[in-house]
Amino acid sequence: MKLWVLRHGEAEPHANSDAARRLTAHGREQVLRSAAVLLGHTPQLILASPYVRAQQTAALVHDALGFDKPVQTVPWLTPDSHPQQVIAELDKLGLEQVLLVSHQPLVGALVSLLEHGHCQQPAPMSTASLAELDGDYPLAGLMTLRCLTHP
C-alpha cells in the first residue's frame, strides 16, 4: 500500500469555529506546491476531513492532479481523531494508493504510528507538509516513510 498524508495549507487564524477556518492565499500556494510532488502518482481515493480548510486543500489537489473521482469526506480525519481509528478505517478500504488530507495533531501522530509503532515522537508536519509511506498493510510500525516534504 502507498499512503500519502497531507496536512492542510495555512489557514486564517480566526473564524466562527475551528472547523470553519479557510485557507489563506499563502496556504493555497503551499498546497499547490505539495500537489506538484504528487504529479505522476495516481491515488485511487482522496479522503478529507470535513473541516473547511481540509476540504479546500483536497479540492486544490484534486484539480491539480486532474483526479476523476470526487473527494470523499470522512468524519475520522478531524484534528482530534485517533490514529488507530484511521488505521482501522484504511484497512477496511483495502485500496493500494490513498491520499489523506487532515490536520495536526492527527497527521503527525498517524505518520509516527505507522512508521514506528507509537506516537511518542510525532512527525513534524507543518502546513501543507506531505508524507509518503508504503508497506504491505496500513498497520502500526509496518510502513516505511519514503519522503516527507515541506513546501
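## Surroundings of E132

E132 touches K2, L3, W4, T144, L145, R146 and C147, leaving aside residues up to four places away in sequence; contact means heavy atoms within 4.5 Å. The structure is a predicted model, in which local features need pLDDT of at least 70 and side-chain atom pairs count only at pLDDT 80 or more, while totals for chains, interfaces and linings use all residues. Residues are numbered from 1 along each chain as its sequence is written, and side-chain values use heavy atoms, with hydrogens and water left out.

E132 belongs to strand β5 (residues 130–134). Helices (H or I, at least four residues) and strands (E, at least two) are DSSP runs, numbered from the N terminus. E132 counts as buried because its relative accessibility is 16%; buried means under 20% relative accessible area, exposed over 50%, and partly exposed in between (1.4 Å probe, protein chains only). The side chain of E132 also forms a polar contact of 2.7 Å with that of K2. A polar contact is a pair of N or O atoms within 3.5 Å; within protein, one must be able to donate a hydrogen and the other to accept it, and residues adjacent in sequence count only if both atoms are side-chain atoms.

## Strand β4 and its partners

Strand β4 (residues 97–102) is largely enclosed by the rest of the structure, because five of its six residues are buried. Strand β1 (residues 2–7) runs parallel to β4 and is joined to it by six bridges; two strands pair if DSSP finds at least two bridges between them. Within this pairing, K2 stands opposite Q97.

Strand β2 (residues 45–48) also pairs with β4 in the parallel sense, over four bridges. Here L45 is placed opposite V98.

## Helix α4

Helix α4 (residues 106–116) is mostly covered, with nine of its eleven residues buried. Among the buried residues are L106, V107, G108, A109 and L110. The buried residues of α4 pack against β1, α3 (83–93), β4, β5 and β6. Just after α4, G117 adopts a positive phi of about 90°.

L142 is located in the loop between β5 and β6 (144–149). L142 is exposed, because its relative accessible area is 52%.
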